[in-house]
Each structure stands twice: as structure tokens, then as C-alpha cells.
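Please keep the sequence at hand while reading.

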Amino acid sequence: MGALVTLASKALEVVPGSVASCTVTVKNTGTVVDQFTIDALGDPGAFASAEPPTLSLFPGAEGSAVVSFAPPRASSTPAGALPFGIRARSQEDPAGSAVEEGVLTVGTFSDTFAELVPRSSRGSRGASHELAVDNRGNARLNASITAADPDQPLGFDVQPPGLVVEPGTAGFAKVRVTPAKRFWRGQPKTRPFKVAVAGDDGRPIVLDGSMLQEAILPRWLVPALLALL
């Protein structure tokens, strides 16, 4: 008693968030009517399904099912070549169950989120922002960070200027903003700027920020001195 399992394709490719399928053929090599349950072994088994999930076969008969692999689009989905096995479990003779092996190659995808905190700052000599970069993809992220402003009244110091972020984790950098020129008195001036986070896919994430540059002398100082005089 037992089974013979054959895969239409032993090498499959899939991108997380999509589906790859193959046909599995099961032959009842036993001498009695048997029911075979189709399942997947190995890491891909966590996101595999068979339709139909069971086959009832007369002795010497064959039946087919479609096994589908649908890895979720999540950072926890491993990328690379993942071996798997398709098993036909015999109800009448468990020892006669059979397995056919294959390889599923799971591709990589990028999903990067970045946030500048605070979005707006204030100061007379400079201000600091924190940049958080979340890697929501399933591959290591190599990100470069740059900052610029359209009118160039600001200087920037980004530490570190690059981040290596593993899947499902976050990296952090400091962005120090310094006015090129200071003024002693007057109304505060808003200085807009942009921070760009460029990953391996070449599509930068651009964040808007601003610094409210204040006068070195506080507005209350001159009235206070006049009051003293």
C-alpha cells in the first residue's frame, strides 16, 4: 500500500504578496481504496494550501491537486531559496505516505517608512531633529540620508549619514540644523528644509521640516532694560 507523488514543477518563484502554484499528481499504489491528504513541509508550508486538500483514489488510480504558495507581504517573510516537500498522507497505510521535494524562491520587496521628529523646531543658534527609519520590507535596507534647503540659509549635520536597517527593525539618526547667519533682534523667521532618505531601490523618501530661527536677544530683553533705566 502507499502512494507515488509527482510535481509538475520542482522550482517555483514568488514575490511576497502574490501566489505561485503547481500541480501535484498522486497515484494510489496500494490494493484498497485510500484517501490521501495533501500538505506542504518545510518553511513554505506556513503559507501553503492545497485544493482539493484530500484525494480519494481507487487502487492504481491517479488524482491531481493544486498546491499554492502565498507568502505574506511582511518583513517576517524570509527571502531566498526555500526547500519544501509535498506530502501525500495515506489514511489506510500511514507508513506508505510519500513526499516529493522542490524549491520555492521567495523574492525581496522594499517598504520603507521615515519620520522626522519634531517636524518643526525653533532656536537662535540651531536645533536638532531625530530621524526614524522603519524597514518594513523583507531585505536589509542600506539607506543614505541627506538634508537641504531651497534658499541655503541653513547648514546641516547628519549623524550618521547612512543607516543599515534589518527587516522589521528601525534605525535612527540625528539631524542638526544651523542657521548660516544669525541676527540679534527682530521677528522670528521660518526656515524650511527637506530631509531625503534614499534606499537600495533608488526611490528616496522626502520629508519636510522647518526651523523657526529666533533672534539672539529675546524679545522681552530690550523692554526690560528700558524699564530698569
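Helices (H or I, at least four residues) and strands (E, at least two) are DSSP runs, numbered from the N terminus. This is a predicted model, in which local features need pLDDT of at least 70 and side-chain atom pairs count only at pLDDT 80 or more, while totals for chains, interfaces and linings use all residues. Residues are numbered from 1 along each chain as its sequence is written, and side-chain values use heavy atoms, with hydrogens and water left out.

**Overall form**

The secondary structure of the protein comes to 1 helix and 18 strands. Its C-alpha trace spans about 115 × 30 × 20 Å along the principal axes. The radius of gyration (taken over C-alpha atoms) is 31 Å, whereas a compact globule of 229 residues would have a value near 17 Å, by the rule of 2.2 Å times the number of residues to the power 0.38.

Of the 229 residues, 36% are buried, where buried means under 20% relative accessible area, exposed means over 50%, and partly exposed lies in between (1.4 Å probe, protein chains only). The protein exposes about 12400 Å², and carbon and sulfur atoms supply 53% of that area; accessible areas come from the Shrake-Rupley method with a 1.4 Å probe, and for residues only the protein chains shown count as cover. Among contacts (heavy atoms within 4.5 Å) with a separation of 6 or more, 65% are between residues 24 or more positions apart.

**Selected residues**

Val-26 lies in strand β3, which covers residues 20-28, and it counts as buried because its relative accessibility is 0%. Leaving aside neighbours within four places in sequence, Val-26 is in contact with residues including Ala-3, Phe-36, Ile-38, Leu-55, Leu-57 and Ala-88.

Val-33 is placed in the loop between β3 and β4 (34-41), and at 44% relative accessibility Val-33 counts as partly exposed. When residues up to four places away in sequence are not counted, Val-33 touches Asn-28, Leu-57, Phe-58, Pro-59 and Glu-92.

Phe-47 is found in the loop between β4 and β5 (48-51), yet Phe-47 counts as buried, because its relative accessibility is 14%. Under the same exclusion of residues up to four places away in sequence, Phe-47 touches Ser-68, Phe-69, Ala-70, Pro-71, Pro-72 and Leu-104.

Pro-150 has its place in the loop between β13 (141-148) and β14 (154-159), and at 62% relative accessibility Pro-150 counts as exposed.

The table sets out C-alpha to C-alpha distances for pairs that involve these residues.

| Pair | Separation in sequence | C-alpha to C-alpha distance |
|---|---|---|
| Val-26 and Leu-57 | 31 residues | 8.8 Å |
| Phe-47 and Val-19 | 28 residues | 9.9 Å |
| Pro-150 and Arg-191 | 41 residues | 9.5 Å |
| Val-33 and Gly-102 | 69 residues | 28 Å |

**Cis peptide bonds**

Most peptide bonds are trans. The bond from Val-117 to Pro-118, however, is cis, with omega near -10°, and Pro-118 sits in the loop between β10 (112-117) and β11 (120-123). The bond from Gln-159 to Pro-160 is likewise cis, with omega near -10°, and Pro-160 has its place in the loop between β14 and β15 (162-165).

**The largest pocket**

On a 1 Å grid over the protein atoms alone, a pocket is an open set of points where a 1.4 Å probe fits, with protein on both sides within 12 Å along at least five of seven lines, and lining residues have an atom within 4 Å of a point. About 240 Å³ of space lies in the largest pocket, the volume being the space filled by probe spheres set on the points, which are joined across faces, edges and corners. The largest pocket is lined by 16 residues, and Ser-110, Thr-112, Leu-141, Asp-200 and Asp-201 lie nearest its centre. Its lining has 6 nonpolar, 5 polar and 5 charged residues, where Ala, Val, Leu, Ile, Met, Phe, Trp, Tyr, Cys and Pro count as nonpolar, Asp, Glu, Lys and Arg as charged, and the others, Gly among them, as polar.
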